[in-house]
Amino acid sequence: MSLDALTTLRAEAEANLRAVDDLDSLTEWERSVFGPKGSLTLFLRSLGAAPAEERPALGRAANEVKNALTVEFETRKTALERVALASRLTEDAVDMTLPGRAPVVGVDHPISQTIRELSDIFSLLGFQTVFGPEVETGRYNFDLLNIPSDHPARDVWDTMIVDTPNSEIVLRTHTSPMQARVMEQTQPPVRVVVPGRTYRFEQQDASHEWAFHQLEGLAVDQHITMTDLKGTLREMARQLFGADRRIRFRCDFFPFVEPGVDFSIDCMICNGSGCRVCKQTGWLEMGGAGMVHPSVLEGVGYDSEKYTGFAFGLGIERIIIQRYGVNDIRAFAGNDLRFLKQFATVNV
Ligand code: PHE
């Protein structure tokens, strides 16, 4: 119990305080000095046992040490708290330079994209885009297209029949029924394209689907000739596939055109050498076409002596297959995003 002991106590306490480097060890230090069994507490408590004449001086000195250590403790505490706060702010900081999360944006199905593109091409050529019903009557799907019910040609379109109340109700097998629907409601000149879904009762394979899309074209006016048909289809192919694709016309039979052709472009997948998609022919049939049959014109009340026209129907999936090298038409209906994302024009 002496001033020397007090000096030593202070020196030790201060040395220990300098070694403290976080708030936990500071609490520990506080306990070791000011706690119930702390060095200073024990010293103060022992003052009662000191000789009476030394007591006042020792008491004063001990109080000074207590005050000094308290101030040093508070100073250290403030400093350590500031350090702790600073490091927490750094850890919790939001990095404003991180790239944001891109929102999911839907995009058009490749078929919709292609329909829009075809529609644009044909609109520049003066054609209006119109739409028709997918559930049709036999009258529009067949009769008005010069395919009477007892005609064997009717079997060519493997028809899905919905109902037969008085006459047939079918899923349209082609977009051609819109030829008659449009002509019934307008007078020449007529220039329309009709994109849409069509249905056939058909075995699926790499190039056949039971539901697919067509784009019908119809132009009726005075003096329309086969040359206009050729020019129109070539211009379409030129816009879609570029100038170097080859186009082929062959004679074909459809009851609603005369003469009739089918038109093909050379297969982009194999460059004409033959593959699974073009069935080893080197050519991919794009569709049928021809000059509108006089019976069809007469059937809708047009004067077939005065007016002539051309019509064509092309397969939309086939265009995409050619363009992007899709090797299986069944991918379109699959709605598999891994397939569809390839056609996204924005990142998805
Ligand atoms: N509608 C025919 C088909 O689907 C194609 C076609 C359209 C042929 C117009 C000639 C004229 O097979």
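## Salt bridges

Twelve salt bridges turn up in a search of the whole structure; each is a side-chain nitrogen of Lys or Arg within 4 Å of a carboxyl oxygen of Asp or Glu. One of them pairs R191 with D221, with the closest N and O atoms 3.8 Å apart. This pair links distant parts of the chain: R191 sits in strand β5 (residues 190-199), D221 in strand β6, and 30 residues separate them. Helices (H or I, at least four residues) and strands (E, at least two) are DSSP runs, numbered from the N terminus.

The model is predicted: local features need pLDDT of at least 70, side-chain atom pairs count only at pLDDT 80 or more, and totals for chains, interfaces and linings use all residues. Residues are numbered from 1 along each chain as its sequence is written, and side-chain values use heavy atoms, with hydrogens and water left out.

## Ligand site

The ligand is surrounded by 15 residues, where a residue is near if one of its heavy atoms lies within 4 Å. The closest are H174, S176, R200, Q214 and G313.

Taken alone, the ligand exposes 330 Å², and the protein buries 94% of that. These areas come from the Shrake-Rupley method with a 1.4 Å probe.

Which strands supply at least two residues each of the shell around the ligand? They are β6 (211-221), β9 (283-292) and β10 (308-315). The largest share, three residues, comes from β10. By type, the shell divides into seven nonpolar, six polar and two charged residues. Asp, Glu, Lys and Arg count as charged; Ala, Val, Leu, Ile, Met, Phe, Trp, Tyr, Cys and Pro count as nonpolar; the others, Gly among them, count as polar.

## Backbone exceptions

Most residues other than glycine have a negative phi, and most peptide bonds are trans. A cis peptide bond joins P188 and P189, with omega about 5°. P189 lies in the loop between α7 (177-185) and β5. Another cis bond joins E258 and P259, with omega about -5°. P259 belongs to strand β8 (residues 257-266).

What is the phi of H223? It is near 65°, a positive value in a residue other than glycine. H223 is in the loop between β6 and α8 (226-241).
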